[in-house]
Amino acid sequence: MKQRSLNDWELVYHEWSPEKQPTREALLTLGNGYFATRGAVEESPAGGPHYPGTYLAGGFNRAKSEIGGKIIENEDMVNWPNWLPLSFRCEDGEWFDLAHVELLDYVLWLDLYRGVLHRRLQFRDRSDREFQLETRRIVHMDDPHSAAISWVLTPLNWSGPVEIRSAIDGDVTNSGVARYRDLNGRHLEVEETGQVGEQAIFLTARTLQSRIRMAQAVRTRVWEGDEPAAVERRTQSERNWIGQSLSLMAEQNKPIRVEKVLSLYTSRDLAISEPAFEACEDILHAADFDVLLEQHQQAWRRLWQRADLELAGEKSTYAQPVLRLHLFHLLQTASVHSTRQDVSVPARGLHGEGYRGHIFWDELFTFPYFNLRFPELTKALLLYRYQRLHWARRAAREAGYRGAMFPWQSGSDGREESQVLHLNPESGRWIPDNSHTQRHVNAAIAYNVWQYFQATGDMEFLCSHGAEMLVGIAQFLASIATYNADRERYEIRGVMGPDEFHTQYPDREELGLDNNAYTNVMAAWVLKTTDVVLKLLGEDRKAELLQLLDVSSEDLLRWQDVSKRMFIPFQPSGLISQFEGWDNLEELDWDRLREEHGDIQRLDRILEAEGRDLNRYKATKQADVLMLFYLFSPRELSDIISGLGYDFDAARIPENVRYYLDRTSHGSSLSRVVHAWVLARTDRDHSWDLFQEALVSDLDDIQGGTTSEGIHLGAMAGTVDMVQRCYTGIEMYDGVLWLDPCLPKELEGLKFCVHYRGLWLHIQLDHEIMTVSFENGRSCAARIGFDGEVYEMCSGEQKRFSLSEGETS
Ligand code: BGC
């Protein structure tokens with residue numbers, strides 16, 4: 001029998017699998033952008049295959065640990081009290097647990113359209129009593145503070161007394177990632193527990209260092225048919241735990257319906273008095289499960305109207321549902337509720353503790369989708385960076401630079417959160433972590449500001465927050481560039497590019513590499529773009545901003561100079577060199593490595609365990625040079641590179657791609673997305689294969705165990721954006737949305753809508769015809785570019801373009 005199936009809107013698992021449960025818990029996480037809870041079963045606490053995690057967007061805490069006599073500090077996205085616990089027992093038997101019953105039937109499914117997690121099982125206990133249990137769970141998409149569970153339990157061959165237990169468990173730690181378990185995972189203390197009215201209980205907890213408080217209140221009710229069941233209710237509390245048991249007589253074949261409703265508030269919330277006060281007040285007025293479910297489903301219906309992507313005639317049978325699964329998790333990680341929270345998107349979603357909930361350059365992969373669907377959301381997420389400019393300025397100052405230096409990993413206040421040491425599970429050794437020297441994260445933030453502006457035309461944002469970030473970043477990048485008089489060019493020394501396999505030169509003490517091509521080109525682009533933005537601001541605002549940020553006219557001249565004379569390393573063959581000195585590195589025998597080790601995605605760990613230094617070799621973890629072809633069209637890149645005084649032949653892009661692709665282990669989930677993108681027009685079969693791999697990377701957990709630590713949000717968003725922008729050739733510049741479709745042969749067509757500069761455009765295409773309809777919106781005209789022509793479209797208009805002959809009507 002199949003273990004898993006995917007329908008258009010459903011992910012279904014047909015059996016209980018303790019081995020696969022950790023991955024499934026991440027994939028079946030429910031959330032609403034404010035908080036999320038992993039798809040763990042209600043009846044079991046953490047342990048064995050179970051890891052119920054509840055995470056709050058922006059809910060961080062710092063803790064110190066000792067490693068090898070050294071004290072190190074990490075900031076983690078905290079695992080908060082578990083609101084799921086719900087179980088039952090018969091008479092005085094044992095509490096229901098999947099490990100102690102014989103399963104007769106088990107199916108678990110996620111309804112992506114409605115945002116509901118279902119489970120239906122039949123089982124026999126050790127006393128031969130048989131039951132059917134149907135469970136549903138939601139994390140409310142409309143009311144961010146609410147979630148609910150419904151259980152329908154039917155005794156199939158037995159009648160007698162049953163006890164149901166519903167609890168809140170505050171005895172939780174951050175222990176979801178095996179590699180981090182030697183580090184301190186205790187972040188919480190429970191403050192108070194108590195009863196609210198007759199049917200509800202509450203628990204409040206506080207983080208030990210950041211002192212964020214959370215209150216959870218749950219109400220549990222039991223029905224037989226449509227009538228409230230006659231139950232004897234007892235509230236019990238233990239250390240860090242509070243529960244209610246509800247005893248009743250069960251009758252054979254008569255379903256018992258249990259509803260558990262949660263109300264959750266924190267001290268980070270706006271417009272509240274105090275978290276426990278709000279949670280307790282809320283729970284007293286909470287609606288029944290069915291009412292909550294209906295509101296929740298309506299919220300999801302509204303979301304999907306904006307969010308969906310429809311594929312036609314897709315030959316692989318799973319791209320459609322997997323893309324919807326990816327969209328589902330994107331929409332659960334960031335939603336309209338995030339706009340009130342001062343948060344951005346953690347690399348691993350709100351789905352697990354991998355990378356400690358930190359925010360990376362991965363925004364670069366996530367924001368393009370939001371830009372064209374939920375631009376108000378991108379704006380709020382960009383403001384997360386803006387709010388942390390003070391830290392970025394301090395970091396630049398302390399490192400001896402000017403402007404704003406954003407951290408590689410960001411958490412609560414925007415300081416550098418990259419870990420100092422990481423554990424190589426292959427060797428058991430703690431290794432210094434140098435990834436914080438990835439200064440290119442700054443360029444990613446600048447790029448995101450500019451892309452948001454291109455998609456929205458939001459001048460207010462650009463002139464205020466956007467320009468302040470751009471100028472700060474430009475000033476920083478100009479200040480890390482040093483002039484090399486011999487070359488008569490500027491250089492950036494001692495940094496890492498996106499490829500994390502290369503942290504320094506094999507024979508050099510200092511960290512970092514010189515002239516990482518990606519970083520240098522991005523720096524030149526940032527300086528050039530900031531100049532354009534300064535011109536858009538108008539004289540007064542420009543003068544105000546430059547004064548505020550202490551940028552002189554000499555600085556501006558230098559920026560211009562750097563933007564025209566940045567050094568880019570090339571290999572003797574004329575291909576772009578990842579960094580200076582790449583040529584001197586040794587080649588690896590990739591076939592032999594694959595033969596010896598099988599999975600070589602994490603070549604860094606394999607070689608370190610063998611005592612070899614990966615810095616010696618021409619091997620990349622992920623796209624580095626190739627990021628340039630991902631972010632810029634050949635036209636744009638030619639402009640940038642020729643603007644720097646180099647000859648750049650766009651016809652050689654495929655050669656560059658092939659060269660680096662042959663030397664990549666795809667150790668980051670972002671890698672396949674980028675490679676699929678840059679091959680999409682030149683090697684379409686290979687591109688489609690990589691896209692397929694990227695699609696299943698979390699679903700099939702292709703990194704062997706990392707999905708359980710949280711989904712890979714950047715890769716998920718990247719696959720969606722591949723369809724949205726790459727296959728349609730969407731580019732936005734000069735106030736025009738350009739389209740240049742190139743559908744893979746495996747897809748017959750596409751249908752979706754985009755929100756471009758205040759209006760909704762519906763785009764539908766197959767291999768022959770593309771139709772663009774401007775249905776409604778707040779702007780009066782849309783400017784669409786196709787095949788070198790710009791078309792002005794008014795509300796209600798539709799245009800058809802022949803993909804072989806240009807405009808038809
Ligand atoms: C990748 C980074 C990425 C991070 C978080 C790492 O494995 O190398 O590029 O930002 O994961 O997703």
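1. Helix 5 (residues 363-371) packs against helix 8 (residues 440-456) with an angle of about 10° and 10 Å between the axes. Helix 5 is therefore roughly parallel to helix 8, a label used for angles under 35 degrees. Axes are lines fitted to C-alpha atoms, for helices over the stretch in contact, and angles run from 0 to 180 degrees between N-to-C directions. Helices (H or I, at least four residues) and strands (E, at least two) are DSSP runs, numbered from the N terminus.

2. This is a predicted model, in which local features need pLDDT of at least 70 and side-chain atom pairs count only at pLDDT 80 or more, while totals for chains, interfaces and linings use all residues. Residues are numbered from 1 along each chain as its sequence is written, and side-chain values use heavy atoms, with hydrogens and water left out.

3. On the helix 5 side, the packing involves Glu363, Leu364, Phe367 and Asn371. These meet Ala444, Ile445, Tyr447, Asn448, Gln451, Tyr452 and Ala455 in helix 8. Contact here means heavy atoms within 4.5 Å.

4. Two strands are taken to pair if DSSP finds at least two bridges between them.

5. Strand 5 (residues 54-67) has 12 of its 14 residues buried, so the rest of the structure largely encloses it. Buried means under 20% relative accessible area, exposed over 50%, and partly exposed in between (1.4 Å probe, protein chains only).

6. Strand 4 (residues 35-37) pairs with strand 5 in the antiparallel sense over 3 bridges. Phe35 stands opposite Leu56, and Thr37 stands opposite Thr54.

7. The antiparallel pairing of strand 5 with strand 6 (residues 70-79) runs over 9 bridges. Ile67 stands opposite Lys70 in strand 6. The hairpin of these strands has 2 residues between them, and Gly68 takes a positive phi near 50°.

8. Another open sheet has 4 strands in the order 7-12-18-17, also with antiparallel pairing. Its edge strands, strand 7 (86-90) and strand 17 (232-238), each pair on one side only. On average, neighbouring strands of this sheet are turned by 20° against each other, direction ignored. Strand 7 is joined to strand 12 (residues 160-169) by 5 bridges, and the two run antiparallel. Cys90 has Val162 in strand 12 as its bridge partner.

9. For the protein chain as a whole, the secondary structure comes to 20 helices and 33 strands. Its radius of gyration is 27 Å, close to the 28 Å given by the globule rule for 809 residues, so the chain is as compact as a globular protein of that length. The radius is taken over C-alpha atoms, and the rule is 2.2 Å times the number of residues to the power 0.38. Along its principal axes the C-alpha trace spans about 90 × 70 × 60 Å.

10. Buried residues make up 62% of the 809 residues. Of the contacts with a separation of 6 or more, 66% are between residues 24 or more positions apart.

Terms used
Angles under 35 degrees count as roughly parallel, over 145 as roughly antiparallel, 65 to 115 as roughly perpendicular and the rest as oblique.
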